[in-house]
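Here's a quick briefing to read alongside the model. Have the sequence and the 3D view open as you go.

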Amino acid sequence: MQPLAEPVSKLIDAFCKLPGIGPKTATRLTYFLLRSDGAIALDLAQALENLKAQTLFCRECHNIADSDPCAICANVQRDHSLICVVEEPLDVQAVERTREYNGVYHVLHGAISPVEGIGPEDLKIGELLQRIQQGQQASAAGHQESVPRAPVKELLLATNPNLEGEATAMYIARLVKPLGIRVTRLARGLPMGAIWNTPTK
């Protein structure tokens, strides 16, 4: 069998490193790029370069953004007293698609999972507590910041409805309970958009 040209085999190997892409799909994508207009490959290469060079994590909510603070955190029209806590940046997009939520977000970047060695200290839980404290202090001081701040009145825990997500939600609920903040949990079994105020026990 004739060996593949090195650039071809290297691109196939690179595609195989992506989640959900096996050797067959990687090969099909590679040969598609070879046969297609050169502009498609160049656009893809430029997009990959920009992905790393022009994205960052918002210092407020830790979502992926192209500005700091992100557009949601900097928006004075959003309700900054309501924070939706999610596990991953993709979860922000899922909630935004409902067009039913006007608060802000906090991305944990994972969930508590002792099996995988992920504890609370590995997530952005400490930053969430600090954010709540900063909202209270900014309100008391009355001064303006680059990020609109307000005393947090409610946390909406929108972690995944699995063992890890439930454990994370319960852990956060216990932490904020002494602060007098209302904690609600995203309801299940209903279409998203009809589900915002299910109290957490």
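Is C61 buried or exposed? C61 counts as buried, because its relative accessibility is 2% (buried is under 20% relative accessible area, exposed over 50%, partly exposed in between, with a 1.4 Å probe and protein chains only).

This is a predicted model, so local features need pLDDT of at least 70 and side-chain atom pairs count only at pLDDT 80 or more, while totals for chains, interfaces and linings use all residues. Residues are numbered from 1 along each chain as its sequence is written, and side-chain values use heavy atoms, leaving out hydrogens and water.

**Confidence**
- The chain's average pLDDT (the predictor's confidence in each residue, from 0 to 100) is 88, and 87% of the residues score at least 70.
- Helices (H or I, at least four residues) and strands (E, at least two) are DSSP runs, numbered from the N terminus.

**Cysteines**
- Expect zero disulfides here, going by cysteine sulfur pairs within 2.5 Å.
- The closest cysteine sulfur to that of C61 is in C73, 3.6 Å away, so it's too far for a bond.
- C84 is buried too, at 0% relative accessible area.

**Around β3**
- Seven of the eight residues of strand β3 (residues 79-86) are buried, so the rest of the structure largely encloses it.
- β3 and β4 run parallel, joined by five bridges (pairing takes at least two DSSP bridges), and C84 sits opposite Y105 in β4.
- Four bridges link β3 to strand β5 (residues 154-157), also in parallel, with L82 opposite E154 in β5.
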